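Try each task before reading its solution.

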Amino acid sequence: MFDTFLLESVINGILLGGVLALLALGLNLIFGVIDVVWICYAELVMIGMYAIWWLHVYYGVPLPGAIVSAVMVVALMGVLLHRLVIEPVLGKPPINQLLVTGGVLFFLQAAATLAFGIEFRNLGLRMPVVEFGDMFFSFARLLAFGTALAGVLLLWLFLTRSYLGTAIRAISQDREIMPLMGVDPRRIYLITSAIGGGMAGVAASLLVLQYDVHPAIGLSFGPITFMICVMGGLGNMLGGFLAAFVFAQFISVGGYFFQIEWGYVIAFAFFIAMMFIRPKGLFSR
Amino acid sequence: MSAAPMLEVRGVSAGYGTFRALFDVSLEVRAGEAVAVIGPNGAGKTTLLRVISKIIAPTAGDVVMEGTPLGPVPAHRVVELGIAHVPEHRRLFPRLTVEENLRMGAFHPAARAKFRERLDFVYELFPRMKERRNQAAGTMSGGEQQMCAIGRALMSGPKLLLMDEPSAGLAPVIVQQVFNLVKRIRAEGYTVLIVEQNIQQVLQVVDRAYLLEVGTIKQSGSSAELLASPEIRRAYLGL
Amino acid sequence: MDKRIPAVIGIAALAAVPQLGLGNYHLHLLITVLIWGFVYTSWSVMGRFGMVSLGHGAFLGVGAYVVTMLWNSYGLTPWLGIPAAVAMSMVMALLVGYPCFRFRIVGHYFALVTLALGEVVRLTIVGLRDQTGGSLGMTVTAVPDGTSLLALQFGERTVFFYVALLVWLFGLWVWRVVDRSMLRYALEASSEDEDAAASVGVNVTRAKLAITMLSAAMTTLGGALYAQYQMYINPETVSGIGISLQIVFAVIAGGLFTQLGPTVGAMFTLLLAETLRVSFGHDIHGLDGTVYGLLLVLFIIYMPKGITGSLAALLTRGRAEPGAPAAGLAPSR
């Protein structure tokens with residue numbers, strides 16, 4: 001028996017996986033290089049979504065312009081986050097570093113409420129639906145998937161081909177000797193934070209096409225992003241990339257058989273079960 | 001011999017926290033020379049090199065490179081003045097490939113322009129590195145890693161090469177190869193300041209040496225003089 | 001002088017408070033501080049050993065929802081519902097804690113694993129919307145005349161105050177027992193150096209599991225008490241990442257390494273929230289939270305020992321505080 005709807009869910013899961021992979025990649029980059037977890041990462045995405053909505057709906061900036069501006073705004077926020085919040089606690093116990101960004105999470109959520117209210121906002125776009133056989137896919141999802149993959153590829157090229165990218169990978173392996181290479185570690189951290197923020201901005205532009213934005217939206221995909229990073233092995237970008245697709249299948253197919261929350265519950269339960277089997281991540285070396 | 005030395009260390013004191021590792025150390029290295037700082041473990045040799053490349057700041061004194069005092073120079077710009085440091089234990093980036101490690105050596109803007117040229121030079125000097133250029137640096141043998149570390153330092157186009165215990169942790173056969181490497185580096189015209197515990201062998205490849213003990217210079221002179229010194233023969237060479 | 005005398009005087013003074021003729025509002029604030037003070041103390045029982053859980057909302061949620069669901073659907077008294085919920089939480093703590101401690105999942109990893117647990121519980125509550133009302137929350141079915149010992153419902157706030165006071169004192173007592181037990185030395189040794197601790201015969205896994213299950217059980221009791229007092233619960237306020245983080249922050253604000261630190265944290269966060277609410281009102285949505293978030297960040301950067309810890313450091317300047325790592329909230333890895 002062939003179930004078209006199940007296949008549709010699987011494919012939608014793959015599409016969702018692309019966006020989750022992009023989300024996880026930014027967080028993993030920050031963790032891998034600076035050794036800090038931005039608990040407020042999803043809130044940066046939320047700010048990016050608001051920025052696009054605000055520029056586009058409120059000021060009538062054309063969508064591409066709004067998106068580019070939003071990516072830059074979130075990249076700048078990444079830099080500020082590092083400079084103002086992370087730098088003072090860099091030498092402190094790792095848990096303090098984790099929690100300080102948790103404080104930023106509350107701050108950003110409340111600040112968004114203050115600025116934009118608690119109403120759900122959307123761009124009011126009508127995205128076409130793509131029909132394939134008996135299956136229907138939202139164009140926004142296809143676009144998001146394509147952009148996410150392109151983003152991942154670009155980041156990978158940057159990290160492997162450029163001097164700066166190589167330095168970003170090198171600093172996570174040996175920070176102390178970076179000055180001997182003529183590298184200012186502080187500058188690399190700021191650049192990495194900007195890239196991590198920029199990735200959040202790109203993710204924001206993909207999500208705002210599909211979902212309404214509200215101040216608490218970060219809580220709906222923040223935790224799943226952390227799980228993906230942990231399961232892929234924190235800082236292991238390839239692992240995070242693959243784990244994103246595993247999780248997306250759980251959510252999409254689980255949601256197909258039950259309700260959407262159960263998809264998440266199964267994904268999380270799977271995550272906890274995996275901790276028994278592969279405590280250092282699914283794809284640990 | 002030119003009038004002013006290439007590198008001058010002037011009355012440097014340094015330490016970590018309340019621990020003082022160096023007391024008023026002065027030395028100089030002239031262009032084209034190979035100079036060694038010898039002494040036992042914990043004498044402050046590594047600290048001295050770390051002060052020169054500004055990984056740590058001295059509590060007193062200064063280092064001058066070709067007339068430029070390093071005091072106000074930020075650590076990451078020292079390499080632009082022509083000082084390259086091959087750190088203790090080699091400190092390669094283990095998960096980067098050999099070629100990526102070499103690329104890191106050429107990070108500063110002036111070096112990037114000459115990346116190809118110098119890469120060819122390093123590969124010519126160490127053909128083994130060319131064979132292994134896509135291998136993760138951490139998976140190579142100790143001797144190969146030492147070649148890579150020296151190659152990485154050469155990629156910055158230095159005038160002065162600082163080498164910290166290049167023979168440490170290597171098998172005796174490999175140690176001999178490493179000192180042969182040092183000779184070749186010299187022959188290429190680099191000025192070398194090398195720190196070693198392996199006194200017998202290092203004195204075969206340098207012109208002059210300083211003896212550093214508990215943070216102070218105890219003796220200095222040509223290699224031949226030091227090899228003939230009764231104290232050194234008794235305390236370090238077991239003769 | 002017997003050190004117990006100030007404590008006895010303090011408890012007596014607290015017990016006399018409802019007789020002062022406080023209004024309902026102030027009594028409500030006091031009860032809230034006691035309940036949350038207990039929950040925060042429960043968290044700190046394990047948090048002080050470097051096991052930073054970002055998922056205590058899971059246990060709070062089980063306490064609130066299991067007890068309420070058993071009561072609403074089956075009329076099962078909280079006197080039985082609470083032990084059932086506590087047992088369930090302890091099993092959960094065991095299931096998640098065992099692999100973590102066995103495989104030495106610490107620091108970031110442990111925090112994120114527990115965060116997942118908190119989310120599982122929140123989403124389960126939402127998913128069971130036919131039984132729990134989903135994200136709209138659920139009301140505890142009230143007994144007809146408002147007071148019933150069997151239902152653990154007390155129409156009189158004063159009575160509830162004494163219940164909360166007793167539970168809170170119980171929390172402080174547990175904190176002290178742990179503080180003076182061999183377990184503490186075992187755990188402190190292990191948070192400094194797990195291998196060294198293991199080599200001198202400390203069963204690190206077992207010690208950590210015991211303390212985690214204790215902390216989970218207490219938090220569950222706190223969740224049940226909260227539900228019985230508020231008579232309304234909702235998945236966001238008793239489970240998930242928001243409340244879990246709030247627990248951690250309050251403890252840090254108050255001080256992680258002192259007995260009264262978590263309670264001071266409860267007082268501080270409640271007073272702050274109330275002050276911000278009263279001064280800015282409801283018109284400006286989010287202003288209170290913005291200030292709150294900002295203060296949290298400043299706290300962790302500039303005052304990682306919290307209010308009580310910083311006070312203690314001021315009072316005993318020069319003397320090293322035993323048990324408390326010199327800088328920061330947890331010993332570094």
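**Exercise 1. Find which residue of β2(B) stands opposite B:Val9, then place the strands in their sheet.**

Step 1. Opposite B:Val9 you will find B:Leu27, in β2(B). This is a predicted model, where local features need pLDDT of at least 70, side-chain atom pairs count only at pLDDT 80 or more, and totals for chains, interfaces and linings use all residues. Residues are numbered from 1 along each chain as its sequence is written, chains are lettered from A and ligands numbered from 1 in the order in which they are written, and side-chain values use heavy atoms, with hydrogens and water left out.

Step 2. Now look at the pairing. Strand β1 of chain B (residues 7-16) is joined to β2(B) by seven bridges, and the two run antiparallel. Strands here are DSSP E runs of at least two residues, helices are H or I runs of at least four, and both are numbered from the N terminus. Two strands pair if DSSP finds at least two bridges between them. Strands of a sheet pair through backbone hydrogen bonds, either parallel or antiparallel.

Step 3. Widen the view. The order β2-β1-β4-β5 in chain B makes an open sheet of four strands with antiparallel pairing. Each of β2 (19-29) and β5 (68-69) of chain B has a single partner strand, so these edge strands have one side without a neighbour in the sheet.

**Exercise 2. Repeat the survey for chain A and chain C: what area is buried, and which helix of chain A gives the most residues?**

Step 1. In this interface, 46 residues of chain A touch 53 of chain C. The buried area is about 4,400 Å², and carbon and sulfur atoms give 81% of that. A:Leu99, A:Phe106 and A:Phe276 supply 14% of the area that chain A buries here, more than any other three residues.

Step 2. Check for salt bridges: the rule finds zero.

Step 3. Locate the helices. α3 (63-86), α4 (94-116), α8 (217-232) and α10 (260-277) of chain A each supply at least two residues to this side. The most come from α4(A), with 16 residues.

**Exercise 3. Is C:Ser42 buried or exposed, and which residues does C:Ser42 touch?**

Step 1. Find C:Ser42 in helix α2 of chain C, residues 24-47.

Step 2. C:Ser42 is buried, at 0% relative accessible area. Buried means under 20%, exposed over 50%, and partly exposed in between (1.4 Å probe, protein chains only).

Step 3. Leaving aside residues up to four places away in sequence, C:Ser42 touches C:Ser215, C:Met218 and C:Thr219.

Terms used: Contact = heavy atoms within 4.5 Å. Buried area = accessible area lost by both parts, 1.4 Å probe. Salt bridge = Lys/Arg side-chain N within 4 Å of Asp/Glu carboxyl O.
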